[in-house]
Amino acid sequence: MNRRTFVGLSAVALAALPLRADEPRIKVGLLGATHSHAPAKLNILQNHAAFEFIGAAETSDRVRRAHPAVRWIDRDELIETAELVVVESDVRDHARDALDALQAGKHVHVEKPPSAQWQEMLKLAAAARAQNRLLQVGYMWRHNPGFIRVFEAVRNGWLGEVYQVRAMMNNHLSANLREDWAQFAGGAFFELAAHLVDAVIRLLGRPNSVTPVLRSSKGDALADNNVVVFEFERVLATITNSTNQPNAFAHRQFEVFGTKGTMLIKPLEQPVLAVDLAQAAGPYQKGPQEVTLPKYERYRGEFDELARCIQTRTPLPVSMDQELLIHEWLLRASGMFTE
């Protein structure tokens, strides 16, 4: 592992930069609102000091009725008017919507997973580069203080040589969503565990190989009971994922094992960090301890980051090459990668 592996820490330095009050507010629009993350992101966009919310485009009458206070505009008007387009449509439409906005010369935040096909992801990257625009993928734990602490510890060698990572991302899926999630071969792993793939790849870099075990516990088309093992030169990373766990949020976790100690985030939100070190290192004492972390609002950090990068005309901390690497291995882990 080298310093380039730990791209997540650059977000910390960026977060210390204040939003620039002398800059005009960034015109932002929401393209699609059917994704489960859309309501919370909509609230942030409408109330963020750096953004001027121009409206949302959505064809679903059900979704529009659920948000009567939103200014609904058509798709073409949104793409033409906005400087930043936030894509929160159905997963199957993410790449189409993001590509349209990028080709129109707009910055884009696209909900994860950004595409179900490798070639589509390559088109997104090419469009962002050709237009010199930012493309941010909505992996929601890049600014989670638990993950930031773990990345810091690994970067500084406080855990020694990392040899294993173990993570779990479960939920209790409604029956009416099974058919929708089953449209992708990776099923719940592709839809849900993508956030953990993001963390593993940013932490450890390019794997040597991946072995996915994707199974349906109900005998239908949805892979809902999954174990995926990433093999690196000296590290094994295991991600388990199921849609069958009641009270699943309390059991979501991310654990890193090193020759000098262990760090465990459980639950992931609000994060609780347990540290167990053979010797004192950094801000941590020897032995087991629980670390108090600041409260955080999911999605707030990524939009603060994006606003700062647009204002300062600087690249995002996670580069386009890194986004491509993350997506390649998400697709490979989901049994969905084709050249």
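The legends below describe close-up views of a predicted model.

View 1. Strand β11 covers residues 261-265. Of its 5 residues, 4 are buried, so the strand is largely enclosed by the rest of the structure.

**View 2. The hairpin between β10 and β11.** A hairpin of 2 residues connects β10 to β11. Within this pairing, F254 stands opposite I265 of β11.

**View 3. The salt bridge between E77 and R71.** Side chains of opposite charge can pair when their charged atoms come close. E77 and R71 form a salt bridge in which the closest N and O atoms are 3.4 Å apart. E77 has a relative accessibility of 31%, so it counts as partly exposed. R71 is also partly exposed, because its relative accessible area is 48%. The whole structure contains 21 salt bridges, as found by a search.

View 4. A salt bridge joins the side chains of R96 and D97, with an N to O distance of 2.9 Å. R96 is partly exposed, with a relative accessible area of 43%. D97 has a relative accessibility of 2% and therefore counts as buried, the limit for buried being under 20%. R96 and D97 belong to a network of salt bridges that also links R75, D93 and D100.

View 5. E328 and R332 are joined by a salt bridge, their closest N and O atoms lying 2.9 Å apart. Both residues lie in helix α12 (residues 320-333). They are 4 residues apart, about one turn of the helix. E328 is buried, with a relative accessible area of 9%. R332 counts as partly exposed because its relative accessibility is 29%, a value between the limits of 20% for buried and 50% for exposed.

How values were computed. Residues numbered from 1 in each chain as written. Predicted model: local features only at pLDDT ≥ 70, side-chain atom pairs only at ≥ 80, totals over all residues. Heavy atoms only, no water. Buried < 20%, exposed > 50% of the residue type's maximum accessible area, 1.4 Å probe, protein only. Pairing = 2+ DSSP bridges. Salt bridge = Lys/Arg side-chain N within 4 Å of Asp/Glu carboxyl O.
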